[in-house]
Amino acid sequence: MATNVEATSEEIDRLKVGDIAPGLAQLARTLAATLDGKDGATAKANAGRELRAVLETLRKIAPAAVETDRVDELAKKRRDGRLRARRA
């Protein structure tokens with residue numbers, strides 16, 4: 001099972017927001033470390049609430065993911081093949 005820091009870092013990497021908002025990304029990691037630490041329940045509850053809010057903000061500013069399916073991949077191959085044929 002991953003720690004909160006590991007899971008938070010993976011999400012930041014997946015969202016590609018580390019370079020866009022480095023301060024918020026670091027804040028998220030710090031809050032996650034608080035959750036993994038030995039602080040009391042109140043501190044963890046507060047950190048968890050704040051972490052959720054920071055991650056929500058990071059998700060909003062994340063660049064849109066480009067999703068491709070098999071049809072898109074085939075269309076790209078067809079276009080690439082036509083370009084090569086024109087060059088020949």
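## Buried face of helix α2

Ala-25, Ala-28, Leu-31, Ala-32 and Leu-35 are the buried residues of α2, where buried denotes under 20% relative accessible area with a 1.4 Å probe, protein chains only. Because they span an arc of only 125 degrees around the axis, they lie on the same side of α2; the arc is taken from the directions between the helix axis and the C-beta atoms. The cover over these residues includes α1 (4–15) and α3 (41–61).

Helix α2 comprises residues 22–36, 15 residues in total, and reaches 21 Å from its first C-alpha to its last, close to the 21 Å expected at 1.5 Å a residue. That expected span is 1.5 Å times one less than the number of residues. Helices are DSSP runs of H or I with at least four residues, numbered from the N terminus.

## Basis of the model

The model is predicted: local features need pLDDT of at least 70 and side-chain atom pairs count only at pLDDT 80 or more, whereas totals for chains, interfaces and linings use all residues. Residues are numbered from 1 along each chain as its sequence is written, and side-chain values use heavy atoms, leaving out hydrogens and water.

## Packing of α1 against α2

The axes of α1 and α2, lines fitted to C-alpha atoms over the stretch in contact, come within 8 Å and cross at roughly 160 degrees. The two helices are therefore roughly antiparallel, a class for angles over 145 degrees on a scale from 0 to 180 degrees between N-to-C directions.

In contact (heavy atoms within 4.5 Å), Asn-4, Val-5, Thr-8, Ser-9, Ile-12 and Asp-13 of α1 meet α2 residues including Ala-25, Ala-28 and Arg-29.

## Asp-13

Asp-13 belongs to helix α1 and counts as exposed because its relative accessibility is 55%, exposed being over 50%. Its C-alpha atom is separated by 9.5 Å from that of Ala-25, 12 residues apart along the chain.

Conventions: Parallel < 35°, antiparallel > 145°, perpendicular 65-115°, else oblique.
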